[in-house]
Amino acid sequence: MVEKYDALIVGAGPAGVAAAITTAKAGMSTAIIERGDFAGSKNMFGGIVYTKPTAQIVPEFWKTAPIERRVIEYQYWLLSQDSHVEVAHRNQKFVRDFNAFTALRARFDKWFSQQAEAAGATLITRTTATGVLKNSDGRINGISTDRGDLAGDVVIACDGVNSLISKGAGLHEEWKPEDIALAVKETYALPKEKIEDRFNVRGDEGVTIMIYGGRSEEYAGFIYTNKDTISFGMGAIMSDLAANKTRPQDILEWLKSHPSIKPLIEGAALREYTAHLIPEGGYDKIPPLYTDGMMVAGDAAMLVNALNWEGTNFAMISGKYAGQTAAEAKKANNYSAEGLSTYRKYLEDCFVLKDLKKFRDVPHYISTNKQFLTMYPELMNDVFYKFFEVDGRPKEEHLKEIKDEIYSKRGRLGILKDIYGLYRRAA
Ligand SMILES: Cc1cc2nc3c(=O)[nH]c(=O)nc-3n(C[C@H](O)[C@H](O)[C@H](O)COP(=O)(O)OP(=O)(O)OC[C@H]3O[C@@H](n4cnc5c(N)ncnc54)[C@H](O)[C@@H]3O)c2cc1C
């Protein structure tokens, strides 16, 4: 006899757990299928999670959740070979009403999945979903796993970037290398006091640093402060890595030896090295979000804002709306694609599809105009160096050199074109 649930959710990441909390709270019998030993055990992310979306799922979560640090400062670094220009925003408002917090997902996801269990969902771990089951009309009504089949009125695929379930349901093929970033991350142990000194924070305050430039390839680096560890890593689009014949480890090693970065991790003990994919195809690559008997949420549906590395909030809120749609479908006893179509409408009415649609052309524009992440960081460093240099020559000469440098690197027309191109796509 196959076990049956109202809602079968595949994957206990932020999307799956948010969906499960929503369906369980709506009174649906709910199972979450997770391949790991526990939720989060397969997750390598050490990054930031956003407060308001999390509070929509678990109000006042900060009272019990394993938060590493409250982010009070966001930094952007533009590197050259041996220098960096930095834009930073630190705000005391982030101390009181924190906007985001750093988390280690092995801890956070475990806690988050316990909230789903407390809401009534059943968490089935060490079980890998291998495909979908369909009834005679072709409607999805369950999943196959490596430990047997499970039946469900509705399936919500939240199984991350390599979603076997949405591919199995025929919603999309393998993602293309130009739509996927490969991210590598190292975790370094560093005593709490050293983190406070090096990053100028106190108590549970934390800092995030996004890093660009200094190399001929495009990449985005990151440093996140945790309680007594630092998450340090980088990501780059797979097709770019292949075209440049670069391995992510090469970029990571280069970053580690950069004079601006080295002192931040010096003396810290490497605890962990991991790699993971991030779906960055944007709005135009989002696959169908629902079909008869099934919805897809989070990374499995390519719902990531690559511009700001926002993925957890997209996962949680898409999971929540998939759960809400499932509860409405149960009331109407209509699990057909037409019955589940409100899911997309919910996402269109909130930041999930609004943001992805608004910035749909930006990632492609930046990746086909390499100067943004290669030449401009270099130029900014040169300009600031010349601006601050005191060498006995009149400032007028410095300014002339700065102007000459700017125009020789890109030309007036090129710079105007770049500004206008970005403005047209992002403003
Ligand atoms: C290095 C790195 C840094 C990042 N930094 C940030 C950041 O700072 N802020 C941010 O918002 N986002 C960040 N992201 C993106 C973010 O991690 C994802 O967008 C988010 O985790 C997506 O959640 P999800 O629930 O859709 O998928 P996932 O978190 O990938 O969860 C999927 C779950 O499904 C399970 N699973 C997979 N296949 C199966 C199967 N067949 N059967 C059963 N279970 C299965 C997995 O074990 C996993 O638990 C980062 C990503 C990486 C790689």
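The model is predicted, with local features needing pLDDT of at least 70 and side-chain atom pairs counting only at pLDDT 80 or more, while totals for chains, interfaces and linings use all residues. Residues are numbered from 1 along each chain as its sequence is written, and side-chain values use heavy atoms, with hydrogens and water left out.

Q: Why is the pair of Tyr 321 and Tyr 346 called stacked?
A: Rings of Phe, Tyr and Trp (its six-membered ring) pair if their centres lie within 6.5 Å; planes under 30 degrees apart count as stacked, over 60 as edge-to-face and the rest as tilted. The structure holds 19 aromatic pairs. In this one, the ring centres of Tyr 321 and Tyr 346 are 5.0 Å apart and the planes stand at 15°, so the pair is stacked.

Q: What makes this pair a tie between parts of the chain?
A: Tyr 321 belongs to helix H10 (residues 312-332) and Tyr 346 to helix H12 (residues 342-348), so the pair ties together parts that are 25 residues apart in sequence. Helices here are DSSP runs (H or I, at least four residues), as are strands (E, at least two), numbered from the N terminus.

Q: Why is Tyr 321 called buried, and why does Tyr 346 count as partly exposed?
A: Buried means under 20% relative accessible area, exposed over 50%, and partly exposed in between (1.4 Å probe, protein chains only). Tyr 321 has 16%, so Tyr 321 is buried. Tyr 346 has 22%, so Tyr 346 is partly exposed.

Q: Why is the pair of Tyr 365 and Phe 372 called tilted?
A: The ring centres of Tyr 365 and Phe 372 are 5.6 Å apart and the planes are at 50°, so the pair is tilted. Tyr 365 is buried at 10% relative accessible area, and Phe 372 is buried at 14%.

Q: What makes Arg 425 a charge over the ring of Tyr 365?
A: A charge sits over a ring if NZ of Lys or CZ of Arg is within 6 Å of the ring centre and within 35 degrees of the ring normal. The charged end of Arg 425 is 4.0 Å from the ring centre of Tyr 365 and sits over that ring. Likewise, Lys 110 lies over the face of Phe 38, 4.9 Å from the ring centre.

Q: How do you know that Arg 70 and Asp 204 form a salt bridge?
A: A salt bridge is a side-chain nitrogen of Lys or Arg within 4 Å of a carboxyl oxygen of Asp or Glu. The closest N and O atoms of Arg 70 and Asp 204 are 3.5 Å apart, and the two residues form a salt bridge. Arg 70 is in strand E4 (residues 69-79) and Asp 204 in the loop between helix H6 (192-199) and strand E12 (205-212), so the pair ties together parts that are 134 residues apart in sequence.

Q: What makes Glu 405 and Lys 409 a salt bridge, and where do they lie?
A: The N to O distance between their side chains is 2.7 Å, and they meet in a salt bridge. Both lie in helix H16 (residues 395-409), four residues apart, about one turn of the helix. Glu 405 is buried at 12% relative accessibility, whereas Lys 409 is partly exposed at 35%. Salt bridges link Asp 382, Lys 386, Glu 405 and Lys 409 in a network.
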